[in-house]
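Student: I've got this fold open on my screen and I'd like to know what the labels rest on. Can we go through them together?

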Amino acid sequence: KTRHIRVTPQRAALYKIITAARGHLTVDDVYAKMQEHFPAISLATVYAILSLYAEKNIISEMRIDFDRSCFEARTDAHHHFYCKQCKRIFDIDLHPCPALQNGAVEGHAIEKLHGYFYGTCKVCRRQ
């Protein structure tokens with residue numbers, strides 16, 4: 001309500017799904033969970049709600065895996081690691097670089113940063 005979004009049962013349920021996940025969900029993940037509560041919900045409706053929430057900075061959308069978008073409840077500036085073997089995404093907390101602390105780089109105002117690292121996670125490395 002504080003972000004001027006009309007609250008509906010579907011929007012409230014989707015928000016609960018994202019915040020309860022404590023991770024990174026694809027649209028298909030969210031859609032499957034939404035169908036448990038709203039069997040007639042369309043994929044287009046799920047996309048619309050996710051887009052609205054990302055636009056209003058209620059959730060974050062990332063394109064770390066170029067085949068799909070992923071969503072999470074965490075909206076603060078942080079980086080992600082993508083394991084190319086198991087396809088899992090991990091949050092990475094690093095100290096912000098000076099440009100980020102200043103909010104500008106070479107005179108350009110920084111509004112948002114997505115730092116993506118690609119490689120093999122420690123679990124896959126052990127296998």
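**Helix 2 against helix 3**

Tutor: Start where Val27, Val30, Tyr31 and Met34 of helix 2 meet Leu43, Val46, Tyr47 and Leu50 of helix 3. This is a predicted model, where local features need pLDDT of at least 70, side-chain atom pairs count only at pLDDT 80 or more, and totals for chains, interfaces and linings use all residues. Residues are numbered from 1 along each chain as its sequence is written, and side-chain values use heavy atoms, with hydrogens and water left out.

Student: How many of the residues in the contact of helix 2 with helix 3 are nonpolar, polar or charged?

Tutor: Eight are nonpolar, with no polar and no charged ones. Ala, Val, Leu, Ile, Met, Phe, Trp, Tyr, Cys and Pro count as nonpolar; Asp, Glu, Lys and Arg as charged; the others, Gly among them, as polar.

Student: At what angle do helix 2 and helix 3 pack?

Tutor: About 115 degrees, with the axes 10 Å apart. Axes are lines fitted to C-alpha atoms, for helices over the stretch in contact, and angles run from 0 to 180 degrees between N-to-C directions.

Student: Which residues of helix 2 are called buried?

Tutor: Val27, Val30 and Met34. Buried means under 20% relative accessible area, exposed over 50%, partly exposed in between (1.4 Å probe, protein chains only), so Val27, Val30 and Met34 fall under 20%.

Student: What makes the largest nonpolar core a core, and how many residues has it?

Tutor: A nonpolar core is a set of buried Ala, Val, Leu, Ile, Met, Phe, Trp, Tyr and Cys residues joined through side-chain atoms within 4.5 Å. The largest has 19 residues, and Met34, Val46 and Leu50 are among those with the most contacts inside it. Helix 1, helix 2 and helix 3 each give two or more residues to this core, and helix 3 gives the most, with six.

Note on methods: Helices (H or I, at least four residues) and strands (E, at least two) are DSSP runs, numbered from the N terminus. Contact means heavy atoms within 4.5 Å.
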